[in-house]
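Q: I would like to learn how to read a protein model feature by feature. Could you take me through one, giving the general idea before each case?

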Amino acid sequence: EDRMENIRRTAEISKLFVDCGIVTLCCLVSPKRNMRERAKEIIGDENFGISESILKQCDTTIHINMFGQNSSMNVVQATNIALYEITKQLI
């Protein structure tokens, strides 16, 4: 119950940022599908990627090459790869 409330609160705050036009990455860990689905309902779905209007507002964008015929990856995977690369460059 506490975990669900934490996910709901985080999702609601993320939605406020999104509604203000701020690009927002919200990475939540939950072993239960219903919790993940609830957060997705609040924030929005990532199936359609980032819109061109949002990309135009970004200072920098990166493309992560993928093996095979994949065309997208989820936010958590992309964030982990980006943070790994940033950390590697700083060390």
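The dialogue below moves from the overall fold to one helix and its surroundings.

A: A word on the source comes before anything else: this is a predicted model, in which local features need pLDDT of at least 70 and side-chain atom pairs count only at pLDDT 80 or more, while totals for chains, interfaces and linings use all residues. Residues are numbered from 1 along each chain as its sequence is written, and side-chain values use heavy atoms, with hydrogens and water left out.

Q: How many helices and strands does the protein have?
A: Helices (H or I, at least four residues) and strands (E, at least two) are DSSP runs, numbered from the N terminus. Here there are four helices and zero strands, and along the sequence the pattern reads α-α-α-α.

Q: What span does helix α1 reach from its first C-alpha to its last?
A: The expected span of a helix is 1.5 Å times one less than its number of residues. Helix α1, residues 2-19, has 18 residues and reaches 26 Å, close to the 26 Å expected. It is followed by Gly21, whose phi is positive, near 85 degrees.

Q: Which residues of α1 are buried?
A: Buried means under 20% relative accessible area, exposed over 50%, and partly exposed in between, with a 1.4 Å probe and protein chains only. In α1, Ile7, Ala11 and Ser14 are buried. They cover an arc of only 65 degrees around the axis, which puts them on the same side of α1; the arc is that of the directions from the helix axis to the C-beta atoms. An α-helix has 3.6 residues a turn, so residues three or four places apart point the same way. The face of α1 turned away from the buried side carries the exposed residues Asp2, Leu16 and Asp19.

Q: Where does Ala11 lie, and how far in space is it from Glu41?
A: Ala11 lies in helix α1 and is buried, with a relative accessible area of 0%. Ala11 and Glu41 are 30 residues apart in sequence, yet their C-alpha atoms are 9.0 Å apart in space.

Q: Is Phe17 buried, partly exposed or exposed?
A: Phe17, found in helix α1, counts as partly exposed at 40% relative accessibility.

Q: What share of the residues in the protein is buried, and what share of the contacts joins residues 24 or more positions apart?
A: Buried residues make up 10% of the 91 residues. With contact meaning heavy atoms within 4.5 Å, residues 24 or more positions apart account for 56% of the contacts with a separation of 6 or more.
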